[in-house]
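The sequence and the structure are shown first, and the description follows.

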Amino acid sequence: MTFNVDSNIAILVIVWLIVQVLKPTKINNHLLPLIAVIVGALVAVGLSLYIKDTKLVQDIVLGVWAGFASTGLNETATKSITSIIEGFGKAEDKKTE
């Protein structure tokens with residue numbers, strides 16, 4: 001049995017949470033995507049061994065994907081929200097001029 005959608009989402013959330021916990025530490029923020037990929041692979045291996053999955057390589061690839069996805073999801077959400085907030089501020093500045 002390979003991972004299902006629930007397992008992939010769980011790995012994604014776990015990796016994202018771990019990266020969020022590591023952000024305020026002294027770890028260089030440029031290393032966080034690499035850490036997310038490694039943590040994703042490790043979490044996938046752990047889950048694969050726990051459920052006795054026979055497709056370990058496929059599960060590792062899914063874990064790496066989850067690491068990349070958690071980083072991209074965070075960056076996309078952060079930049080999108082920031083640009084939306086800045087866009088509203090600029091629109092209000094034009095109204096007052």
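Ile9 lies in helix H1. Its relative accessible area is 47%, so Ile9 is classed as partly exposed, a class that runs between the cut-offs of 20% and 50%. Along the chain, Ile9 and Ser70 are 61 residues apart, yet their C-alpha atoms are separated by 9.9 Å.

Ile9 also belongs to a nonpolar patch on the surface, which it forms with Val5, Val13, Trp16 and Leu17. Together these residues have about 440 Å² of accessible area. Leu17 is likewise placed in helix H1, which covers residues 5–22. With a relative accessible area of 45%, Leu17 is partly exposed.

## The model and its confidence

The structure described here is a predicted model. The mean pLDDT of the protein chain is 77, and 76% of its residues reach 70 or more. Among the elements, the highest mean pLDDT, 85, belongs to helix H2 (residues 32–50). The lowest, 71, belongs to helix H3 (residues 56–96).

## Overall architecture

Which elements make up the protein chain? There are three helices and zero strands, and from the N terminus on the order is α-α-α. The chain has 97 residues, of which 24% count as buried. Among contacts in the chain with a separation of 6 or more, 65% are accounted for by residues 24 or more positions apart.

## The nonpolar core

The largest nonpolar core consists of eight residues: Ile11, Val15, Val19, Leu32, Ala36, Val39, Ala44 and Ala66. Helices H1 and H2 each supply at least two residues of this core. The greatest contribution comes from H2, with four residues.

One of the core residues, Val39, is in contact with Val15 and Ile18 when its neighbours within four places in sequence are left aside. Val15 is itself a member of the core.

## Leu42 in helix H2

Leu42 is located in helix H2.

| Residue | Relative accessible area | Class |
|---|---|---|
| Ile9 | 47% | partly exposed |
| Leu17 | 45% | partly exposed |

Key. Residues numbered from 1 in each chain as written. Predicted model: local features only at pLDDT ≥ 70, side-chain atom pairs only at ≥ 80, totals over all residues. Heavy atoms only, no water. pLDDT = per-residue confidence, 0-100. Patch = residues over 30% accessible without salt bridge, like charges linked within 9 Å, V, L, I, M, F, W, Y side chains within 5 Å. Areas by Shrake-Rupley, 256 points an atom, 1.4 Å probe, with all protein chains shown as cover. Salt bridge = Lys/Arg side-chain N within 4 Å of Asp/Glu carboxyl O. Buried < 20%, exposed > 50% of the residue type's maximum accessible area, 1.4 Å probe, protein only. Contact = heavy atoms within 4.5 Å. Core = buried A, V, L, I, M, F, W, Y, C linked by side-chain atoms within 4.5 Å.
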